[in-house]
2 protein chains.
Amino acid sequence: VEEKNNEELLLHLEDVHHADIAEILTELSLDEAVYVVKLMDSQKTAEALMELEENVRERILDTLTPKEIADELEEMDTDDAADIISELSLERQQNVIAEMADEEHADNIVELLRYDEDSAGGLMAKELVKVNENWSVTGCMTEMRQQAENVTRVHSIYVVDDKNKLKGRLSLKDLLTAPSRANISDIYIPQVDYVNVHTDGEEVARIMQKYDLEAIPVVDEMGRLVGRVTIDDIVDFIKEEAEKDYQMAAGISEGVEADDSVWRLTRARLPWLVLGLFGGLGSVYVMQGFEEALAKFPVLFFFTPLIAAMAGNVGVQSSAIIVQGLANNNLRGSLFKRLLKELSLSLINGVVLGLLIILFGLIVGQPQLVSLSIALSLLSVIILAALIGTFVPIILDKRGIDPAIATGPFITTSNDILGIFLFFYLSKVILGF
Amino acid sequence: VEEKNNEELLLHLEDVHHADIAEILTELSLDEAVYVVKLMDSQKTAEALMELEENVRERILDTLTPKEIADELEEMDTDDAADIISELSLERQQNVIAEMADEEHADNIVELLRYDEDSAGGLMAKELVKVNENWSVTGCMTEMRQQAENVTRVHSIYVVDDKNKLKGRLSLKDLLTAPSRANISDIYIPQVDYVNVHTDGEEVARIMQKYDLEAIPVVDEMGRLVGRVTIDDIVDFIKEEAEKDYQMAAGISEGVEADDSVWRLTRARLPWLVLGLFGGLGSVYVMQGFEEALAKFPVLFFFTPLIAAMAGNVGVQSSAIIVQGLANNNLRGSLFKRLLKELSLSLINGVVLGLLIILFGLIVGQPQLVSLSIALSLLSVIILAALIGTFVPIILDKRGIDPAIATGPFITTSNDILGIFLFFYLSKVILGF
């Protein structure tokens, strides 16, 4: 495709959607991708750059001069530009911002960089359409047309007072049907949902989903309108959050992707494995304490992986449901009721599984007391694991710690040790060794 | 709050957002909730009903007559009405539809019920604004105003030909600035993204995210415009999908919630535990085959829970990343390269963990050959587990099976057995028992 016949290439790419151009760039070698980026006009490449995977984008940006990056940023919405610039080193950030011709745009980007990435301030864009409550309908229309040029999609028209404080919103329909001499203050709707710049992204997502909003205005500490968050940014956020919780449950931190470097993946995975290793060494220690059973009941040792697996599985099941319930804010009723429910649930599961163990014992001709002892211990282990899996995330959440860390390896490891100890202890009581 | 002073209650609820009314209904007893629903006008309750949790809504609907339900459905968008009606028994569905006064609305709902819940057809609403390419701009405006009354939010104006085939879209700006005698065919944009009624919901979500769309038109097999999917329905879908994958990895099927009944939760959880139990019994069988090691190297049996835990953890880590990569469609490069990457990753992890085992052996004064043997087996088990965790989901995906089932209990259980076998087999070779 690429023998430097620029004109033809440009002609080809002209009609291609920027998301598809991003895919093409990913398939190309770095040199080729940079060549294409420099060839195309910066509006198109700016949009394509936004769609790229972070690591591909990083490599392309590394080869561009601050001036070239600044040109790309000029074409982007402030929120996208801020996201991209935050991936650069501090020194490069300053060089790029210095090269930007549109000072207001640069100002806005710098402002967005101040906010935490996961807060409403970090998610919002500065582009929006706002009108003053004291304007007339006619003046408002003129002003709006100008503002709308910088805004890709007008979701809502916000109404502010002279101090830029958010007062309400305006429906386009009302604006069009109002007499042209009317004042905005006569026709605007004073009810409007909004969030604060420091509102947590999860909370923003929850509000927007609950009220089916496509955009929500963001105000600062003084109630002044400073930006808006649109639903497309929230979709990405919701997805990332759900994926992070999932990864945490699988024992992976930092929200990595399959195509990240081996080094980054190791950093995300190894710590959890080390945790698991220490847990395993803990089990070794526990089992050494019951060494005397080796001679009389070696079969108990054959059953430890089963007990550990069950303790882990049940714990993960319980905690996963609780963590999701907490994330979606739909856990109702008291902690006591919840534990009672989990108790009955694990009683049912434990009895069924215990009966299967006894059935297995009958088939292979295991002493019945041993089977019974294993079944009873399994039942107790399942109940314990379920209660821990329910209790720990709720407690963590109450203390303001992300309950997602209590899923996966964490709950598996602690349940493994406790389960194995309980198993041997009960077996010792029942079988008497 | 509720002493049957209707007027005051209504006055209170009038200004409350329907999403908040839904929350209030959830807090009330069933009788009280039904009382409130009957009291309020059906537009408000229809919206509130949509926001309710499925099980609460079910109980409220059970107490309403078909006529009362029909009245609620008349107020809803077709997609919401279809969702709710699909929760009723078949017989009640027919009774409710028979009671609906607006025949066109009923027709549309019946049509939506035909599609698979997770396809574009099942996600779409019939409400949209469309214009014929042969209309003049003036005629178009009149027609549009009428259509817009039934549509909550106009995202796009779609252009169709005489046979209702989707031709393109119209920008409101172009429509407003065009000379009133112009034809739609002169000013519409012939490029438009669309999906087929049978397109999978995941694919719809992917397209809408990729191109940042807020609505996408849906066509039937003949290319005729039959509905549109809006981003708010997709947000719920994306979230549900991510949550289902997470639950699957935690060994929970059917997408349950914390507040579902004990019976439903058991059905979602028990099968996976039974699978784990059989896996555990498999390990018992494997370990019985190495019984002769009991006398000379009992420590090996103390280490089996550690080995099983590591095999499980590594398998879940690898598979989770692959499953997410597959779901987001961003896995690139060949299977061979991916396995090679996973191999180097697990080599690093395995060597670090193996060294820790040897260190532990030195501290507790374990024979060095035994420590070395355990460390080497652990390394092999980690590599095997990582390769299985990578390979299995990719193969399942290639065969058209949801790779998410290969995470969690499934991969843990198979890796447990294989890991334990490999551990004892290698120990036997190295230590010679």
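Predicted model: local features only at pLDDT ≥ 70, side-chain atom pairs only at ≥ 80, totals over all residues.
By salt bridge I mean a side-chain nitrogen of Lys or Arg within 4 Å of a carboxyl oxygen of Asp or Glu. The rule finds 2 salt bridges across the interface of chain B and chain A.

Residues are numbered from 1 along each chain as its sequence is written, chains are lettered from A and ligands numbered from 1 in the order in which they are written, and side-chain values use heavy atoms, with hydrogens and water left out.

Back to the interface. Between chain B and chain A there are 12 residue pairs in polar contact, both residues at pLDDT 80 or more. A polar contact here is a pair of N or O atoms within 3.5 Å; within protein, one must be able to donate a hydrogen and the other to accept it, and residues adjacent in sequence count only if both atoms are side-chain atoms.

Which helix of chain B gives the most to the side that touches chain A? Helix 18 of chain B does, with 17 residues. Helices are DSSP runs of H or I, at least four residues, numbered from the N terminus. By class, that side of chain B has 47 nonpolar, 23 polar and 25 charged residues. For those classes, Ala, Val, Leu, Ile, Met, Phe, Trp, Tyr, Cys and Pro count as nonpolar, Asp, Glu, Lys and Arg as charged, and the others, Gly among them, as polar.

How much area do the two chains bury between them? About 9,100 Å², with 62% of it on carbon and sulfur atoms. Buried area is the accessible area (1.4 Å probe) that two parts lose on being put together, summed over both. Tyr246(B), Arg269(B) and Phe302(B) supply 10% of the area that chain B buries against chain A, more than any other three residues. The contact takes 95 residues from chain B and 95 residues from chain A, and contact means heavy atoms within 4.5 Å.

Now for the nonpolar cores. A core is a set of buried Ala, Val, Leu, Ile, Met, Phe, Trp, Tyr and Cys residues joined through side-chain atoms within 4.5 Å. Buried means under 20% relative accessible area, exposed over 50%, and partly exposed in between (1.4 Å probe, protein chains only). The largest core has 108 residues, and the members that touch the most others are Leu73, Val229 and Ile234 of chain A together with Leu73(B), Val229(B) and Ile234(B). A second, separate core holds 79 residues, including Leu277(A) and Met287(A). Going back to Ile234(A), its contacts beyond four places in sequence are Leu123(A), Val204(A), Ala205(A), Met208(A) and Val229(A).

Next, some buried spots in chain A. Helix 7 (residues 78-85) has 7 of its 8 residues buried, so it is largely enclosed by the rest of the structure. Among the buried ones are Asp79(A) and Asp80(A).

Ser319(A) sits in helix 18 (residues 299-327) of chain A and is buried, with a relative accessible area of 0%. A polar atom of the Ser319(A) side chain lies 3.2 Å from the backbone oxygen of Val316(A). Ser377(A), in helix 20 (residues 368-398) of chain A, is also buried at 0% relative accessibility. The side chain of Ser377(A) reaches the backbone oxygen of Ser373(A) at 2.6 Å.

Where is Ala404(A)? In the loop between helix 20 and helix 21 (409-431) of chain A. The C-alpha atoms of Ala404(A) and Tyr246(A) are separated by 8.4 Å, though the two are 158 residues apart along the chain.

Let me finish on charge. Over all chains, the search finds 16 salt bridges. In one of them, Arg57(A) meets Glu87(A) at 2.6 Å, N to O. That pair links distant parts of the chain, 30 residues apart, from helix 5 (residues 54-63) to the loop between helix 7 and helix 8 (90-99) of chain A. Arg57(A) is buried at 7%, whereas Glu87(A) is partly exposed at 23% relative accessibility.

Technical notes. Helix = DSSP H or I, 4+ residues; strand = E, 2+ residues; numbered from the N terminus.
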